[in-house]
Amino acid sequence: MSYDLIAIGASWGGLLAVGTLLEGIPAELDQAIVIAQHRSPESTRGALEELLQRHIARPVSEPGDKEAVERRHVYVAPPDYHLLVDGGRFALSIEGRVQYARPSIDVLFESVAEAHRDRAIGIVLTGANEDGAAGLAAIKRNGGVGIVQDPRTATKKAMPEAAIAASQADAVLALEEIGPFLYGLCCL
């Protein structure tokens, strides 16, 4: 099976978790990676990308509205915008918060499920609410792969536990195990 896109959602404790996950991404993996990380609307634009760039050797950026999704790139949802994937391009939205968040993981994941169906991979990491659970279930319903950080290894376990309860995850793994699992899915 060939996959087009990997969507990652994180909240409380997410900077460390996403950084650790990106460090474990195999160089051979060429899928686009799209991240929805809960953060303050006042967050400095570019700061999160700069921090994450230290963990991976591929470009990390906030996409603009209508920007094309490129393979071997990492994209981070801008603060106070929902990020959606629509027909190979990004869309930004300022619609209301979902699960108290904008960007919302559910909004990203549901758009990825619709756009990429069985060629999508969703990953839910640490967090203190249920954002991402419905979106991961949508990815699974459309034939994609669902991966959840083992709640025992999460800074806040509410988000991984909600994702496990809402969908039949393909794997529940410690952060360090996700990169090798992705290699097995995408590169073998």
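# Sheet, helices and loops of a predicted model

Biologist: What order do the strands of the open sheet have?

Modeller: The open sheet has 7 strands in the order E3-E4-E2-E1-E7-E8-E9, with parallel pairing. Strands (E, at least two residues) and helices (H or I, at least four) are DSSP runs numbered from the N terminus, and two strands pair if DSSP finds at least two bridges between them.

Biologist: Which are the edge strands?

Modeller: Strand E3 (60–61) and strand E9 (171–173), each of which pairs on one side only.

Biologist: Which strands does H1 touch?

Modeller: Helix H1 (residues 14–23) packs on the sheet and touches strand E1 (5–10), strand E2 (32–37), E7 and E8. Its direction makes about 170° with that of E2. Contact means heavy atoms within 4.5 Å; axes are lines fitted to C-alpha atoms, for helices over the stretch in contact, and angles run from 0 to 180 degrees between N-to-C directions.

Biologist: And where does H3 lie?

Modeller: H3 lies across E1, E2 and E7, at about 165° to E1.

Biologist: At what angle do H3 and H4 pack?

Modeller: Helix H3 (residues 105–116) and helix H4 (residues 133–141) pack at about 10°, with axes 7 Å apart. They are therefore roughly parallel to each other, a term for angles under 35 degrees.

Biologist: Which residues meet there?

Modeller: From H3, Asp106, Phe109, Glu110 and Ala113; from H4, Ala133, Ala134, Gly135, Leu136, Ala138 and Ile139.

Biologist: Different topic. Which peptide bond is cis?

Modeller: The one from arginine 102 to proline 103, with omega near 20°. Proline 103 sits in the loop between strand E6 (89–93) and H3.

Biologist: What is the phi of arginine 72?

Modeller: Positive, about 60°, although arginine 72 is not a glycine. That residue lies in the loop between E3 and strand E4 (74–76).

Biologist: How do E5 and E6 run?

Modeller: Antiparallel, with 5 bridges joining strand E5 (residues 82–86) to E6. Valine 85 has phenylalanine 90 in E6 as its bridge partner. The hairpin has 2 residues between the strands, and glycine 87 takes a positive phi near 60°.

Note on methods
Residues are numbered from 1 along each chain as its sequence is written. This is a predicted model: local features need pLDDT of at least 70, side-chain atom pairs count only at pLDDT 80 or more; totals for chains, interfaces and linings use all residues. Side-chain values use heavy atoms; hydrogens and water are left out. Angles under 35 degrees count as roughly parallel, over 145 as roughly antiparallel, 65 to 115 as roughly perpendicular and the rest as oblique.
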